[in-house]
Amino acid sequence: MSETEQTLGVTVILDYGGNESTGRSMGRRWTAALLLFSSACDGGDQPAPEYLDAEALLDPQSCASCHPAQMREWSGSMHAYASDDPVFLALNARGQRETGGELGNFCVQCHAPMAVLSGATTDGLNLQELPQHQKGITCYFCHSVDAVLGTHNNPLRLANDGVMRGGIPDPIAAAPHRSAYSPLHDRKNPASADLCGSCHDVVTPAGVFLERTYAEWQASLFAKPGRTTQLTCGQCHMEGREGPASTVAGSPMRLLHDHAAPAVDVAMIPFPERETQRALVQNALDKSLLASLCVRPLAGGVEAVLSLDNAFGGHAFTSGAAHNRRAWAEVVAYAGGQVIYESGVIPQGQPVAASTDPDLWRIQEDAVDAQGNKTYMFWDIARTTNTLLPPAVTNDPTDPAFYHQVEKTYRIPNVIPDRITVRVHIRPMDFDLIDTLVESGDLDPAIRSELPTFTLRNTEVTWTPDRGFVCVP
């Protein structure tokens with residue numbers, strides 16, 4: 001049901017979503033708040049507006065008029081996508097079914113925290129019925145945090161005082177909401193890593209430490225105090241730029257945070273900023289690893305040693321849901337224009353696990369259940385083993401830990417190649433996970449064609465005989 005209402009001389013349409021008593025009350029609050037909000041952002045001559053109420057602050061769309069750049073960036077981020085991701089929805093649906101509901105709010109407490117806090121959902125099975133402002137990791141959720149009470153599974157405390165916290169030390173007073181500086185939101189402050197990291201470390205209900213991005217960062221070089229080494233999550237994933245923080249009249253130039261926050265995951269359904277997000281992910285991945293290839297003669301052929309160095313990641317490569325991610329090295333040797341050796345040539349659409357290549361270098365985490373059987377379902381995982389690339393832990397070359405690169409040797413017998421090429425590929429997840437969710441009826445098979453394979457451009461190396469038997473960066 002809807003009706004027309006006159007507020008401050010402006011006609012608006014109120015949509016009650018079928019609940020007239022609740023909708024009428026909420027609609028009027030939203031109308032007044034948003035009109036005041038718009039007036040402040042336009043820098044008009046209206047009297048100083050009242051601050052937006054909680055209902056308005058909860059909706060990211062309320063932020064768009066004053067923060068259009070940040071809203072556009074966030075709208076295509078994995079934070080905005082978290083509750084709409086069909087793979088997440090499929091995993092949650094299957095997990096609730098297979099555990100008899102014991103999974104509870106385990107998934108949704110991170111993927112739709114405001115829906116959990118408001119009581120709109122207890123298990124995430126009704127997320128598709130909820131309004132968009134209750135889905136994903138919203139502006140209000142992050143910018144209301146005033147304390148981190150743990151190390152994993154979203155231990156964040158929200159102040160609920162109407163104050164939007166950020167990394168600006170001297171926020172202006174002429175804004176539609178109260179503002180305050182918070183070290184948790186300042187990417188230059190080490191405390192900001194606690195806010196990010198405690199949601200990006202995950203311990204399963206069975207007690208398996210499944211995602212360890214925060215713990216990996218804490219053990220890395222980038223968590224250690226130092227003018228040239230310490231880097232927080234935000235300094236890599238929310239790069240800064242100069243500009244006004246809002247469109248409010250008189251807003252000064254600030255160092256802003258980019259809210260796209262690219263990593264490796266991407267939207268696999270139509271979603272705002274989809275192609276921009278993929279380009280940002282590609283750019284981030286391109287800068288993550290260093291590769292070198294050392295070639296030397298061996299019994300009429302050659303021995304090629306590929307070295308991969310996770311030099312610029314503040315955590316392992318890969319990180320996060322590493323049990324579902326797949327990264328691998330591709331090595332191809334040519335002679336006389338023909339391929340004489342190849343490893344890691346995985347056709348698009350084929351799971352890495354289906355390869356029978358004996359030399360394949362997999363960079364991944366393997367998970368098994370209590371019986372030792374491979375599993376993709378996190379609620380069944382009993383233990384994991386990994387072949388991930390570790391992050392740097394020291395910048396002292398006299399420390400043995402300085403040399404943290406990982407190597408693999410490939411032997412090409414009986415012929416000297418004309419050319420050897422290497423590169424590293426990564427998938428946010430693999431086709432075997434998608435296939436098992438399709439087979440269980442939890443996922444649309446059309447999602448399969450949307451899964452990308454990224455090639456890390458900084459790992460593309462070519463050796464030719466004219467270079468001699470040397471290492472090629």
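Arg 241 and Glu 73 form a salt bridge, with their closest N and O atoms 3.1 Å apart. Arg 241 sits in strand S9 and Glu 73 in helix H3, so the pair ties together parts that are 168 residues apart in sequence. Arg 241 is partly exposed, at a relative accessible area of 28%. Glu 73 counts as buried, at 7% relative accessibility. These positions come from a predicted model.

**Helix H3**

Helix H3 covers residues 68–75. What do the buried residues of H3 pack against? Their partners are helix H4 (78–81), strand S9 (240–244) and strand S10 (253–257).

**Salt bridges**

The count of salt bridges comes to 20.

| Pair | N to O distance | Relative accessibility |
|---|---|---|
| Arg 241 – Glu 73 | 3.1 Å | Arg 241 28%, Glu 73 7% |
| Arg 157 – Asp 146 | 2.9 Å | Arg 157 40%, Asp 146 29% |
| Arg 296 – Glu 303 | 2.8 Å | Arg 296 39%, Glu 303 10% |

Arg 157 and Asp 146 meet through their side chains. Arg 157 lies in strand S4 (residues 156–158) and Asp 146 in strand S3 (residues 145–148), so this bridge ties together parts that are 11 residues apart in sequence. Arg 157 counts as partly exposed. Asp 146 is partly exposed too.

Glu 303 pairs with Arg 296. Glu 303 counts as buried, while Arg 296 is partly exposed. Elsewhere, salt bridges with shared partners join Arg 212, Glu 216 and Glu 365 into one network.

**Helix H5**

Helix H5 runs over residues 86–98 and has 13 residues. From first C-alpha to last it reaches 18 Å, close to the 18 Å expected at 1.5 Å a residue. Is H5 largely enclosed or exposed? Of its 13 residues, 10 are buried, so the rest of the structure largely encloses the helix. Among the buried ones are Pro 86, Val 87, Phe 88, Leu 89, Arg 94 and Gln 96. The buried residues pack against H4, helix H6 (108–111) and helix H13 (431–439).

The N-terminal end of H5 is capped by Asp 85. A side-chain oxygen of Asp 85 lies 3.0 Å from the backbone nitrogen of Val 87. After H5 comes Gly 100, with a positive phi near 65°.

**Asp 84**

Where does Asp 84 sit? Its place is in the loop between H4 and H5. Asp 84 counts as buried, at 17% relative accessibility. Beyond neighbours within four places in sequence, Asp 84 contacts Leu 89, Gln 132, Lys 135, Ile 269 and Phe 271. Leu 89 is itself one of the buried residues of H5.

With Gln 132, Asp 84 also makes a side-chain polar contact of 2.8 Å. The two residues are 48 apart in sequence, and their C-alpha atoms are 9.3 Å apart in space.

**Confidence**

The chain has a mean pLDDT of 89, and 89% of its residues reach 70 or more. Over residues 1–44 the pLDDT is below 50. That stretch has 68 contacts in the model beyond near neighbours in sequence. Where pLDDT is low, predicted coordinates should not be read in detail.

Key. Residues are numbered from 1 along each chain as its sequence is written. This is a predicted model: local features need pLDDT of at least 70, side-chain atom pairs count only at pLDDT 80 or more; totals for chains, interfaces and linings use all residues. Side-chain values use heavy atoms; hydrogens and water are left out. Buried means under 20% relative accessible area, exposed over 50%, partly exposed in between (1.4 Å probe, protein chains only). Helices (H or I, at least four residues) and strands (E, at least two) are DSSP runs, numbered from the N terminus. Contact means heavy atoms within 4.5 Å. The expected span of a helix is 1.5 Å times one less than its number of residues. A polar contact is a pair of N or O atoms within 3.5 Å; within protein, one must be able to donate a hydrogen and the other to accept it, and residues adjacent in sequence count only if both atoms are side-chain atoms. A salt bridge is a side-chain nitrogen of Lys or Arg within 4 Å of a carboxyl oxygen of Asp or Glu. pLDDT is the predictor's confidence in each residue, from 0 to 100.
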